[in-house]
Amino acid sequence: MTRPRPRLSGLVLALVLMSPVSSRADDQDVIDYRQHIMKTMNEEAAAIAQILQQKIPAADFATHAEILAITAATAKKAFEPKVPGGEAKPVLWANWKDFSKRLDDLTAATADLARKAKEGGMAAAAPRVQSALTCDSCHDIYREKKD
Amino acid sequence: MSPVTRMYGVVAMVTALIASNAIAADDKEIIDYREHIMKTLNEQSAALGMMLSMAVPDDNAIAHMEAIALAAKMAPKAFEPKVQGGQSKPEVWTNWDDFSKRMDDFAKKTDEMVRVAKTKGAATAMGNIIEYLPCKSCHDVYRDESKK
């Protein structure tokens, strides 16, 4: 009459063993996803910098600004799940109010930059690049650089 | 060799060295720039891929598609300067007609992807994602995977 108990224990053990694995996989997906977004912003900001330094023709400046704005708008949702890891410091979620406000500001500023670039080209938008791309001010607090 | 001839020789050599360095620097900029665009395409496609495999919610799907379509439009121009290097095989320029046609088709397809996503929903566009993003068929011919 005691046979079912070991079977049940086996099942519980299996569930316990499986659940951390699946939860780790989910966490890695969350980290990977937000990294795709941040890496896109990095690439686009670097392309804009090359154009501003006149190393590359300015024809596509407005398009880079638009991609930056679109991507910035996706970042907040990507950071909502509280999953420390990658280059994100845990303080990011401890100071969520500040961090999310900074992302909102970035979204608004890059949208403004993209609009200016579309309307008036690089000449009109260039003066706003520095105030729109305040990446370092946020990275200094919330990013742990892992080379 | 007279001192004057020797001086001309040195001047010519220095000029050539400076010129070659300047060209090398410009070439690196061109390679870096097109890599920024291709990496944007890669990162955004990967994000979309995660949504397709249901690893993350698909709230941002249309935004990722828009970013891909915009980057795809810029890509052909970024490859116009015939500067070999990075992961590009020399065939990009020796088969330029084919390569540029593929790039133009890619831009059109990603535009269509965005149009479908906006009019019929992201899920409908995701259903045809392989048709809209035929990245591998081009990479197999024109990308040197060994130079990562």
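Of the 148 residues of chain B, 29% count as buried (20 or more other C-beta atoms within 10 Å of the residue's own, with C-beta atoms placed from the backbone). The structure is a predicted model, in which local features need pLDDT of at least 70 and side-chain atom pairs count only at pLDDT 80 or more, while totals for chains, interfaces and linings use all residues. Residues are numbered from 1 along each chain as its sequence is written, and chains are lettered from A and ligands numbered from 1 in the order in which they are written.

Chain B contains 7 helices and 0 strands (DSSP runs of H or I with at least four residues, and of E with at least two, numbered from the N terminus). Among its contacts (C-beta atoms within 7 Å) between residues at least 6 apart in sequence, 74% join residues at least 24 apart.

Between the chains, 25 residues of chain A are in contact with 24 residues of chain B. On the chain A side, helix H1 (4–52) and helix H2 (61–79) each supply at least two residues, and H1(A) gives the most, with 13 residues.

Leaving aside neighbours within four places in sequence, Met65(B) is in contact with Leu48(B), Met113(B), Val114(B), Ala117(B) and Ala125(B).

Note on methods:
Buried ≥ 20, exposed ≤ 12 C-beta atoms within 10 Å, placed from the backbone. Contact = placed C-beta atoms within 7 Å.
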